[in-house]
Amino acid sequence: MISVKEKAQRLRAAVQLLAQSAELVIQEWEKEGHQPSHRELDGTSIPSHELYNARRNALSAMGVCGELIQAPHVRLMEMSNQFYESRALHIAGDVRIADILEVGDHEKGMHIDELSRHTGINANKLARVLRTLCTSHVFREVSYDYFANNTISQALVKNESIRFISHYFTGRSKINYRISDKLPEVLMDPIKTQSESALDTAFQLGMNTKLHFFEWLEELVKQPDGTTKPKPELAQFGLAMLRGGQAVGMALYYDYPWHELGNATVVDIGGGVGGMSFGLAKLHPNMKFINQDRPAVIKQAETVWQRDMPDTIRSQRTRLMVHDFFTEQPVKGAEVYHLRYILHDWPDDDCVKILKAIRPALGPNSRILISEVVMLTTCPMPSSSFLLAPAPLPANYGVASRHLNMRDLSMLALVNGRERSPEEFRMLAKIAGLRVEKFWECRGPVWITEMRKDGI
């Protein structure tokens, strides 16, 4: 049990770090007011390195303060009901509260009766949903029963990228709600808890299917007239990966030295409808791209690229290719083989197969770039080369990284996948005949792990 003296020391240290970090945040705000220090692509910005680090320290320090100050039983009860907070956010997103408030009076706010008329939700019940969110600083109640956007909810206004990120798995499709309900059952099953198979997950139980998640996505749905058509979730998933990557992975475009690659060819393996290639094609006009995925996804990708970047298709600067990444890579000697959000979908043995299928294609100047979360633990890891969070923060910055752990559990429930630590990436590389050249820490939840052919 921690002593009063130790608690006081930790609390004072956390408060001091919070105050210092807050001043740095303010200084960066003031700098950006005169000369923006961040870059933008399609309206999505990334913070300066100084602002990113100050934010992370401040958020983590607030988590330490909460741990020390809040009564433990209150904190536990709060966490046990936190899913209702998520549900409130999805309700507000489904009926586009932020968009409705944007056209109203920003100072006075909009009365709950008017919001009720717009949404069809009972005014009293909608007010309770919104107050739940206001309490957590999403939206603001200007005066009794008058609501307006705040800096957080403003991000939802006409922003389909954020809507796709926050609603695909948890909005109307309710995938995560259903499978998270079944996760305890799977983990406590003596057989399934030991399984690494993507067919022994909470997804099968929650969605009442025997199919793998990706097979389920591509399953045709029979219509009343006897015809079949793709699930709407397939198109939604493609757009969620494209727009979600653009929104939360923006630093990937700037924190790896892509500009040094000149007219390199980037093979985007499992690239979905566009993935990283979209943003890179806009930023680096000399680069060439080969976007590979399953047939149904490539068919969707053709529509998206022809609509949004037709010139790159006509000039063949971008090629769309059907390819199963478990089979040998057909494009040889490219400078970059890129995998974004791929390995976290698969257990270790399958990840090794994916990497081994790329290895024969690697030339002396080739590299594999893996854009995924790199999980750090709350205590220092053995032989870790990463800069740890300053005391008294957890080594992985605690609550500032909690979304990554939630994401990890989501992958577990969905496909028996995982977000991996540096040591786990090194282990996969070694078994596949590769080596980790460098972990490129980016200003966001996703980093780039660079692998090279071992022996070169």
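**Contacts, rings and domains**

Mentor: Keep in mind that this is a predicted model. Leaving aside neighbours within four places in sequence, E450 is in contact with Y256, R367, I368, L369, R435, V436, E437, K438 and W440.

Trainee: Where is E450 placed?
Mentor: In strand β14, which covers residues 447–453.

Trainee: Is E450 buried or exposed?
Mentor: Buried. Its relative accessibility is 4%, and buried means under 20%.

Trainee: What does the side chain of E450 make a polar contact with?
Mentor: With the side chain of R452, at 2.9 Å.

Trainee: You listed K438 and W440 as contacts of E450. How far is the charged end of K438 from the centre of the W440 ring?
Mentor: 3.8 Å, and that charged end sits over the ring. R407 also has its charged end over a ring, that of Y341, at 4.9 Å from the centre.

Trainee: Switching to ring pairs. How many aromatic pairs are there?
Mentor: The count comes to 13. One of them is F213 with W216, a stacked pair with 6.4 Å between centres and 20° between planes.

Trainee: Why are F213 and W216 separated by about one helical turn?
Mentor: Because they are 3 residues apart in helix α11, residues 213–218. Both F213 and W216 are buried.

Trainee: Which cluster do they belong to?
Mentor: Ring pairs link F203, F213, F214, W216, F325, F326 and W346 into a cluster.

Trainee: And the domains, what are the bounds?
Mentor: The assignment gives domain 1 as 81–158 and domain 2 as 254–374 + 420–453. Their C-alpha centres lie 40 Å apart.

Conventions
Residues are numbered from 1 along each chain as its sequence is written. This is a predicted model: local features need pLDDT of at least 70, side-chain atom pairs count only at pLDDT 80 or more; totals for chains, interfaces and linings use all residues. Side-chain values use heavy atoms; hydrogens and water are left out. Helices (H or I, at least four residues) and strands (E, at least two) are DSSP runs, numbered from the N terminus. Buried means under 20% relative accessible area, exposed over 50%, partly exposed in between (1.4 Å probe, protein chains only). A polar contact is a pair of N or O atoms within 3.5 Å; within protein, one must be able to donate a hydrogen and the other to accept it, and residues adjacent in sequence count only if both atoms are side-chain atoms. Contact means heavy atoms within 4.5 Å. Domain bounds come from an automatic or database domain assignment. Rings of Phe, Tyr and Trp (its six-membered ring) pair if their centres lie within 6.5 Å; planes under 30 degrees apart count as stacked, over 60 as edge-to-face and the rest as tilted. A charge sits over a ring if NZ of Lys or CZ of Arg is within 6 Å of the ring centre and within 35 degrees of the ring normal.
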